[in-house]
Amino acid sequence: ASAASTTVRNQSFSSINSDDISYFKKILGERGVVQEEEKLDDANTDWMRKYKGSSKLMLQPRSTEEVSRILHYCNSRCLAVVPQGGNTGLVGGSVPVFDEVIINVSSMNNILTFDKDSGIMVCEAGCILENLISFLDNEGYIMPLDLGAKGSCQIGGNVSTNAGGLRLIRYGSLHGSVLGLEAVLANGTVLDMLGTLRKDNTGYDLKHLFIGSEGSLGIITKVSILTPPRLSSVNLAFLACKDYTSCQKLLSEAKRKLGEILSAFEFLDIKAMDLVLKHLDGLRDPLPSSMHNFYILIETTGSSESHDNLSNCYFESVPFSHITREKLEAFLLESMESGLVTDGALAQDINQASSFWRIREGVPEALMKAGAVYKYDLSLPPEKMYDLVEEMRERLGDAANVVAYGHLGDGNLHLNISTQQYNNSILSKIEPFVYEWTSKQRGSISAEHGLGLMKADKIHYSKSAETVQLMAAIKRLLDPNGILNPYKVLPMSVLSQIGG
Ligand code: FAD
């Protein structure tokens, strides 16, 4: 049975009453207190429409001060809360399990400062990622992260999930690019860790506790982030490989030969490609001449047009150019001669580049359109990654469509099992097999999506008992009543020792 169906409400939490509503209206005004059924229905339901809570209240603070007052009050009343950003999370972490109060920070969406020399931006947590990308484009910078959900997800949610995405191979994780944070603890204490320094070794670097803690330790209200300059030369290739071993070899070659300009290395298998072409409108196979088993997207980004080849794929403000694409072209030619690549196309203009990206970024949407989907986000040694996909296909036979794609350059597989509807007999064939398999390889059962509700009680597959105990002690210290995002991240057996 799924985590949602086996979780029991913690009876030490209070339920909302009319005095609570009056108090919240007093501090937030009518506008910040949402009780309309339609809006609550959206906020109670996750992106996959798989997890659904029954909260009767969503609060929309506009300042850190308001977040602090809300949390102080909820803590004193023992009212459980769920911090929510763009609600694009994929592990059931952003929606209530029962009647928790939803605290949605989307009204806190101002860019506070941007330093044109250093590229350091300070903004509020509710800024939508795509808006930050556009703002920086005008300033000649880019965000160090990019992901398919950019139109809705928020920087606070990105930081809280330590989102990886398409550029991690080049710019590293948010643990590197986030320079500072402001966060509000369960009791309303505001922690000002909003530094803008590259280097600061004064004591424990506590911001890292909040990066990736999925709203279980505090609500992030502001973020300071180092953004890289936008380089003038971007190229994108869509390639086909006959087998998985060739994809892997191509990755090592790309790291060696395109190292300093490589900015994305993504893969999808034929099942993922078929789904996208079937379910998403207006997309065509870029390599239609024959059937291929695997597809790879390689993006390069550099500063020298003639050296790295210029075709700016993303930013309308930089004109597309046909300057020779020496480096990537030479790499592709070599890879085709050696047989690693069987077919390929280089994006000729911004539109074509967008359509290549749309194929890769559209896989989650296509999976949703195909029916029910069991999603697994795994870190595995790249040489073992596809063995799991093949074993899963053998286990499930015709009962399900096993689809693989992901951030191959980061050793991150998105294994998706698509069926007509959710079914416990299929689930029992997938779990715990998938977790045990991953654990045996010393992989991670959550590469970038987090644990949320889905995998809270699976943490031991990737973390030792001692480590989980220390996490629980930290949770207890920062949130003694356990009001922040209950039932998520840590197992119930550990969480039940908190609060009451
Ligand atoms: P939400 O979904 O609202 O919340 C996610 C978690 O963070 C929840 O636990 C919530 O309680 C907590 N939270 C949110 N805001 C705050 C805050 N201000 N303070 C404290 N806690 C908070 N993820 C990747 O890593 N890489 C990808 O490539 C990627 N691609 C995706 C593609 C699609 C189409 C979709 C739908 C999702 C994808 N995701 C990906 C997952 C998701 O988009 C990311 O996890 C994203 O970072 C979540 O941001 P959000 O604002 O939507 O957060």
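Modeller: Eight bridges join strand β14 (residues 372-379) to β16, and the two run antiparallel; strands here are DSSP runs of E with at least two residues, helices are runs of H or I with at least four, both numbered from the N terminus, and two strands pair if DSSP finds at least two bridges between them. This is a predicted model, in which local features need pLDDT of at least 70 and side-chain atom pairs count only at pLDDT 80 or more, while totals for chains, interfaces and linings use all residues. Residues are numbered from 1 along each chain as its sequence is written.

Colleague: Which residue takes a positive phi in the hairpin of β15 and β16?

Modeller: The hairpin of β15 and β16 has four residues between the strands. The residue with a positive phi, near 70°, is G411.

Colleague: How many of the eight residues of β16 are buried?

Modeller: A residue counts as buried if 20 or more other C-beta atoms, placed from the backbone, lie within 10 Å of its own, as exposed if 12 or fewer do, and as partly exposed in between. Over the protein chain of 500 residues, 49% count as buried. Strand β16 (residues 412-419) is mostly covered, and its buried residues number seven.

Colleague: What radius of gyration does the protein chain have?

Modeller: The radius is taken over C-alpha atoms, and the globule rule is 2.2 Å times the number of residues to the power 0.38. For 500 residues, a compact globule would have a value near 23 Å, so the chain agrees with the rule at 23 Å.

Colleague: Which element supplies the largest share of the shell around the ligand?

Modeller: The ligand is surrounded by 36 residues, the closest being G85, G89, G156, G157 and G215, where a residue is near a molecule if its C-beta atom, placed from the backbone, lies within 6 Å of it. At least two residues of the shell come from each of β3 (81-84), α6 (155-161) and β9 (219-226). The largest share, five residues, comes from α6.
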